[in-house]
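Here's a quick briefing to read alongside the structure. Have the model open, and click through the residues as they come up.

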Amino acid sequence: MKYNPRQSKNEPMRVIIDCDPGNGVPGANIDDGLALALAIAAPQLSLEMITTVAGNTPVEIGYAVAKDLVQRLDIPVSVYRGASRALREDPLPWREKLDHGVDQFGLRQLWSDVPAPAACQTVPPHAPEAIGERICSNPGEITLVATGPLTNVAIALQLYPQIVHAVKNIVVMGGVFNVPGYLKDTNFGLDPEAAHAVLTSGAPVTLVPMDVTTKTQMLHADLDRLAAAENELSRYLEQTLRPWITYSMQTRNLPGCWIHDVLTVAWLLDPSLAQTAEDYLDVSLEGITRGMTCRYGRETLRLDVGIPAPKGAKVKILQSIDNRQLLSLIERYIHNYGA
């Protein structure tokens with residue numbers, strides 16, 4: 001049976017964010033940091049903890065980025081380091097792809113005025129235990145937002161199987177169905193076994209796939225409006241997002257940059273931002289399709305010969321996004337931070 005939430009409508013939604021932030025790191029995406037900033041700024045959310053996983057950045061760098069943000073803002077949010085590699089996938093090709101692009105493009109100078117987050121003392125990878133203990137001690141009350149590879153979440157499910165019934169929702173940025181140039185996305189591709197474990201676990205899952213996040217866009221002009229707030233959070237975002245927007249424009253031929261991960265938090269604050277559908281999902285673990293996300297509900301398949309019966313529970317899938325509404329929401333919360 002599922003636990004019913006005990007929270008009243010007036011209490012903040014309790015949230016854990018499991019992420020791979022790269023703010024201030026040359027060539028690393030900034031969308032995790034923007035998601036964290038929005039969660040911190042929104043009074044409707046209570047950010048219980050931040051956990052980091054290897055993905056967009058190596059886990060120790062993501063941990064340093066998250067610690068740097070918490071210390072800059074002087075907020076009482078614990079940060080836990082998690083898995084340094086996927087359950088089975090070889091991390092070396094991914095690290096080569098993710099960590100060296102900035103020098104291959106010759107664009108490291110874009111970050112010349114951005115102070116790097118201070119290196120942190122190595123700490124044990126306790127994130128899966130911290131996630132499991134917090135969720136299982138507070139059944140029906142915790143929403144887990146996962147914006148990186150799902151390694152920590154999969155390990156937590158192995159250690160604490162009762163999470164399936166105790167978690168309020170797992171909101172995942174990951175997966176791709178029909179975006180030109182992408183057989184798979186980074187989050188699921190970097191750890192397909194973890195994505196498979198989470199999507200088929202039976203836990204309540206909401207998926208925010210690349211099909212919808214690539215319809216988001218932040219331009220320099222949008223960042224200018226955020227920076228006008230002139231508070232500690234807006235200054236952090238202006239400093240760390242500015243070079244990434246330029247980098248994205250020069251390397252991806254975009255007018256600005258996609259802001260994938262922030263949609264997970266924005267949707268919690270305002271579900272009207274996106275239309276949703278439901279279907280059974282899984283991730284391919286073999287061959288050229290390894291890491292690919294598959295929709296295979298019987299009522300949506302025109303041809304189901306050789307397709308196994310669905311596992312787990314139906315997943316809620318975000319289908320569309322109003323980018324102007326999204327940017328307006330982010331701007332409103334960042335401007336009100338500390339007011």
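Where α1 meets α14, Leu34, Ala37, Leu38 and Ala41 on the α1 side touch Leu329, Ile330, Tyr333 and Ile334 on the α14 side. Sorted by class, that contact comes out as 8 nonpolar residues, with no polar and no charged ones. Keep in mind that you're looking at a predicted model.

**How α1 and α14 cross**
- Helix α1 covers residues 31–41 and helix α14 covers residues 323–336; their axes come within 9 Å and cross at roughly 55°.
- As for handedness, the crossing of α1 and α14 is left-handed.

**α1 against α13**
- Helix α1 also packs with helix α13 (residues 262–269), at an angle of about 25° and with the axes 7 Å apart.
- Angles under 35 degrees count as roughly parallel, and that is why α1 is described as roughly parallel to α13.
- From α1, the contact draws on Asp31, Leu34, Ala35, Leu38 and Ala39, while α13 brings Val262, Val265, Ala266 and Leu269.
- By class, the contact of α1 with α13 has 8 nonpolar residues, no polar ones and 1 charged.
- Leu34 and Leu38 turn up in the α14 contact and in the α13 contact.

**α2 against α12**
- Helix α2 (residues 59–73) and α12 have axes that come within 10 Å and cross at roughly 145°.
- Here the crossing, that of α2 and α12, is right-handed.
- On the α2 side you'll find Val65, Asp68, Leu69, Arg72 and Leu73, and they meet Glu232, Leu233, Tyr236 and Gln239 of α12.
- That contact of α2 with α12 has 5 nonpolar, 1 polar and 3 charged residues.

**The largest pocket**
- The largest pocket has a volume of about 920 Å³.
- Its lining takes in 33 residues, and Lys97, Leu98, Tyr182, Thr186 and Arg252 lie nearest the centre of the pocket.
- Which helices each supply at least two residues of the lining? They are α1, α3 (91–99), α4 (101–104), α8 (186–190) and α12 (232–252).
- So far as class goes, the lining of the largest pocket splits into 12 nonpolar, 12 polar and 9 charged residues.

How values were computed: Residues are numbered from 1 along each chain as its sequence is written. This is a predicted model: local features need pLDDT of at least 70, side-chain atom pairs count only at pLDDT 80 or more; totals for chains, interfaces and linings use all residues. Side-chain values use heavy atoms; hydrogens and water are left out. Axes are lines fitted to C-alpha atoms, for helices over the stretch in contact, and angles run from 0 to 180 degrees between N-to-C directions. Helices (H or I, at least four residues) and strands (E, at least two) are DSSP runs, numbered from the N terminus. A crossing is left-handed if the near helix is turned anticlockwise from the far one by less than a right angle, and right-handed if clockwise. Contact means heavy atoms within 4.5 Å. Angles under 35 degrees count as roughly parallel, over 145 as roughly antiparallel, 65 to 115 as roughly perpendicular and the rest as oblique. On a 1 Å grid over the protein atoms alone, a cavity is a set of points where a 1.4 Å probe fits but cannot get out, and a pocket is an open set with protein on both sides within 12 Å along at least five of seven lines; lining residues have an atom within 4 Å of a point. Grid points are joined across faces, edges and corners, and a volume is the space filled by probe spheres set on the points.
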